[in-house]
Amino acid sequence: MNDAVSRLDAVRNNIAAAEKEAGRESGSVTLVAVSKTFAADEIRPVIQAGQRVFGENRVQEAQGKWPPLRDEFPDLELHLIGPLQSNKAKEAVALFDVIETVDREKIAAELAKEIARLGKAPRLYVQVNTGLEAQKAGIDPREAVAFVARCREVHGLAIEGLMAIPPFDQNPGPHFALLEKLAREAGVQKLSMGMSGDYETAIAFGATSVRVGSAIFGTR
Ligand SMILES: *Cc1c(COP(=O)(O)O)cnc(C)c1O
């Protein structure tokens, strides 16, 4: 077996065990395999092993490698998990099935415009900067609930979930708990949280999807 495929298998088993441990339904957590920096030839075996949901953090990189893979495998689901510039909104709406990084008014407005123009609506998540890190994207957690409401009411966007990346040097538990609380307050169902180092913890805190890169594809 290819290295990435055997690691994928291990991650799947760990997710199943974490679901069980948390008393959650088997299969309730979606694995988003984060393939950024890896080439199509490294990704293909993972698709052939049955993985269908992938995450990329740059629009331009994804535009280069995913259209041919999509022709080969029509049932793929692609998530944008990196910061979105407003001048890339059109490309993002055209390419991605899920955009997890809506985090400001201007992006919400641009996405609404492109969704109307292209007649294609990706599912949307609001990214929350739970650690209030200056260098990190995401809306201030104190503004998150009101922002979700404005996305809906002002921009007509159906926000489906929240996403966060906790500070790498902190215990992620409180950040996951905060995101779960904000999702309840905002009335959204999906929680994208947990990466290679902490996806099992995130599942215990209610993650509905985990974004796992290096634990599958190896170090970048
Ligand atoms: C790269 C990335 C991941 C995956 O990180 P790993 O630690 O390699 O699992 C998850 N989420 C986001 C937003 C990323 O940019």
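Reader: Okay, which residue is the bridge partner of Val102 in S5?
Author: That's Val126. Before we go on: this is a predicted model, where local features need pLDDT of at least 70 and side-chain atom pairs count only at pLDDT 80 or more, while totals for chains, interfaces and linings use all residues. Residues are numbered from 1 along each chain as its sequence is written, and side-chain values use heavy atoms, leaving out hydrogens and water.

Reader: How many bridges join S4 to S5?
Author: Three, and the two strands run parallel, with S4 covering residues 98-102. Strands are DSSP runs of E with at least two residues, helices are runs of H or I with at least four, and both are numbered from the N terminus. Two strands pair if DSSP finds at least two bridges between them.

Reader: Why is S5 called largely enclosed?
Author: Because four of the five residues of S5 (residues 123-127) are buried. Buried means under 20% relative accessible area, exposed is over 50%, and partly exposed is in between, using a 1.4 Å probe and protein chains only.

Reader: Back to Val102, what does it touch?
Author: Leaving aside neighbours within four places in sequence, Val102 is in contact with residues including Ile107, Leu111, Leu124, Val126 and Phe147. Contact means heavy atoms within 4.5 Å. Val102 is also one of the residues with the most contacts inside the largest nonpolar core, which has 62 residues. Such a core is a set of buried Ala, Val, Leu, Ile, Met, Phe, Trp, Tyr and Cys residues joined through side-chain atoms within 4.5 Å. Apart from that one lies another core, of five residues, Tyr125 among them.

Reader: New topic: is Ser209 buried or exposed?
Author: Buried, with a relative accessible area of 3%. Ser209 is in strand S8, residues 209-212. Not counting residues up to four places away in sequence, Ser209 touches residues including Val29, Tyr125 and Leu191.

Reader: And H2, which residues are buried there?
Author: In H2 (residues 40-48), those are Ile43, Pro45, Val46 and Ile47. Helix H1 (3-21), strand S2 (53-56), helix H3 (59-72) and helix H9 (214-217) are included in what covers them.

Reader: Which residues of H2 and H3 meet?
Author: Ala40, Ile43, Arg44 and Ile47 in H2 meet Lys65, Trp66, Leu69 and Glu72 in H3.

Reader: What comes just after H2?
Author: Gly50, which takes a positive phi of about 110°.
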